[in-house]
Amino acid sequence: MQNIKEFENIPITTYKGSVATKALAEEFIKEKYGVAEIKNMDCEHNLRTFNSWLKCGYRVRKGEKALKSYTFLQETKNGELVLRKYYRRPVFLFYYRQVEPINHNQN
């Protein structure tokens, strides 16, 4: 298992402060790792999508299940707003304890 300090120097995620996502993440972490792990939760550093972890040099361990949350987006075309309403898009997140560093020496 990685030390939480390893993840402080990776880029910040695109998390925008969603209360619902934070609550879902807390429940997921409590269930999987226990209440004591909540103190390590930082949505801006150690809760990311599969591709975001890859960009940071980590991969999700085989068999790990994602936390499902949602984000709300506005439709744009060529950078301009097309619709004034938001639409919901699912987001699958993984906690730092579900990933491992990518070892480029392995196949």
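**Group meeting: a walk through one predicted chain**

Leaving out residues up to four places away in sequence, T49 touches V91, F92, L93 and F94, where contact means heavy atoms within 4.5 Å.

Quick housekeeping. This is a predicted model, so local features need pLDDT of at least 70 and side-chain atom pairs count only at pLDDT 80 or more, while totals for chains, interfaces and linings use all residues. Residues are numbered from 1 along each chain as its sequence is written, and side-chain values use heavy atoms, with hydrogens and water left out.

Back to T49. You'll find T49 in strand β1, residues 47-49. Helices here are DSSP runs of H or I with at least four residues, strands are runs of E with at least two, and both are numbered from the N terminus. The cut-offs are under 20% relative accessible area for buried, over 50% for exposed, and partly exposed in between, using a 1.4 Å probe and protein chains only. One more thing on T49: A66 is 17 residues away in sequence, and the two C-alphas are 8.6 Å apart.

Now zoom out. The chain has two helices and five strands, and from the N terminus on the order is α-β-α-β-β-β-β. Of its 107 residues, 28% count as buried. And if you take contacts with a separation of 6 or more, 69% of them are between residues 24 or more positions apart.

On to the inside. Which residues touch the most other members of the largest nonpolar core? That core has 18 residues, and the answer is M41, L47, W53, Y58, L67 and Y95. By nonpolar core I mean a set of buried Ala, Val, Leu, Ile, Met, Phe, Trp, Tyr and Cys residues joined through side-chain atoms within 4.5 Å. Helix α1 and strands β2 (58-60) and β4 each supply at least two residues of this core, and β4 gives the most, with four.

A25 sits in helix α1, and A25 counts as buried because its relative accessible area is 0%. Not counting residues up to four places away, A25 touches M41, L47 and L67. With L67 the sequence gap is 42 residues, yet the C-alphas are 7.1 Å apart.

S69 is next, over in strand β3. S69 is buried too, since its relative accessible area is 3%. Beyond four places in sequence, S69 touches T21, L24, R89, P90, V91 and L93. Between S69 and P90 there are 21 residues of sequence separation and 5.8 Å from C-alpha to C-alpha.

Let's look at the largest pocket, which has a volume of about 700 Å³. On a 1 Å grid over the protein atoms alone, a pocket is an open set of points where a 1.4 Å probe fits, with protein on both sides within 12 Å along at least five of seven lines; lining residues have an atom within 4 Å of a point. Grid points are joined across faces, edges and corners, and the volume is the space filled by probe spheres set on the points. There are 27 lining residues, with T14, Y15, K16, T71 and V91 nearest the centre. The elements giving two or more residues to that lining are α1 (19-33), β1, β3 (67-77) and β4 (80-95).

Last up, cysteines. C43 is buried because its relative accessibility is 7%, and C56 is buried as well, at 18%.
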